[in-house]
Structures are given as structure tokens and as C-alpha cells.
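User: Hi! I have a new structure open and would like to talk it through with you. Could we take it step by step?

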Amino acid sequence: MAFGQHAGPPATSRQVDELLSLLQAAGLEDFRDARGPMRFTQRQAAGKFTRDEAERAIVRMLEEAF
């Protein structure tokens, strides 16, 4: 894998939208605002996730909510 590429298919728009709404419900403005608290990479802070990354972040947000 070349530098800067991510493994796996890109996240669906539904996953990205769901993650963004969970972040906003937690008081964060957007993916860049969540970079520190969520430990997102620069690529993820730009809203680019693989399906697995998005799913893990969604599960993490849901677990922290409960």
C-alpha cells in the first residue's frame, strides 16, 4: 500500500452522515473539531473514512453515549 492510501472501501455516505450527527450531538462541530478528542488522522479529519473506520467510530460514539 502506498503512503497516504487507506485500506478498504470508502465509507458510505450514510455512515459519514451518521458519524457526523453523533459528533455534533456530542458537542463537536465537525470532523476537524473532533480530530483531537477522537484521535482522527488528518485524512479522517477531512471526512474520509474506510467503511471499517467509520463503523468503529460510530460504535465508539454510541458506546460512550450510554
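User: Leaving aside neighbours within four places in sequence, which residues is Leu19 in contact with?

Analyst: Leu19 is in contact with Phe31, Phe40, Phe49, Ala57, Ile58 and Met61. Contact here means heavy atoms within 4.5 Å. Before we go on, please note that this is a predicted model, where local features need pLDDT of at least 70, side-chain atom pairs count only at pLDDT 80 or more, and totals for chains, interfaces and linings use all residues. Residues are numbered from 1 along each chain as its sequence is written, and side-chain values use heavy atoms, with hydrogens and water left out.

User: Thanks! How many residues does the largest nonpolar core have?

Analyst: That core has 15 residues. Those with the most contacts inside it are Leu19, Leu23, Phe31, Met38, Phe40 and Phe49. Helix H1 (13–25) and helix H4 (51–65) are the elements that give two or more residues to this core. A nonpolar core is a set of buried Ala, Val, Leu, Ile, Met, Phe, Trp, Tyr and Cys residues joined through side-chain atoms within 4.5 Å. Buried means under 20% relative accessible area, exposed means over 50%, and partly exposed is in between (1.4 Å probe, protein chains only).

User: Is Phe40 buried or exposed?

Analyst: Phe40 is buried, because its relative accessible area is 7%. Phe49 counts as buried too, at 4% relative accessibility.

User: Changing topic: how many salt bridges does the count come to?

Analyst: The count comes to 3 salt bridges. A salt bridge is a side-chain nitrogen of Lys or Arg within 4 Å of a carboxyl oxygen of Asp or Glu.

User: Where do Arg14 and Glu18 lie?

Analyst: Both lie in helix H1, 4 residues apart, about one turn of the helix. Arg14 is exposed at 52% relative accessible area, while Glu18 is partly exposed at 26%.

User: And what does Arg43 form a salt bridge with?

Analyst: Its partner is Glu53, with the closest N and O atoms 2.8 Å apart. This pair links distant parts of the chain, with Arg43 in helix H3 and Glu53 in helix H4, 10 residues apart. Arg43 counts as partly exposed at 22% relative accessibility, whereas Glu53 is buried, with a relative accessible area of 15%.

User: What about Glu64, which residue does it form a salt bridge with?

Analyst: Glu64 pairs with Arg60, and the closest N and O atoms are 3.2 Å apart. Both residues lie in helix H4, 4 residues apart, about one turn of the helix. Glu64 counts as exposed at 53% relative accessibility, and Arg60 is partly exposed at 31%.

User: Next up, where is Arg39 found?

Analyst: Arg39 sits in the loop between helix H2 (35–38) and helix H3 (42–45). Arg39 is exposed, because its relative accessible area is 72%. Not counting residues up to four places away in sequence, Arg39 touches Ala34 and Gln44.

User: Last one: what does the C-alpha trace of the chain span along its principal axes?

Analyst: It spans about 35 × 20 × 20 Å. Of the 66 residues of the chain, 32% count as buried.
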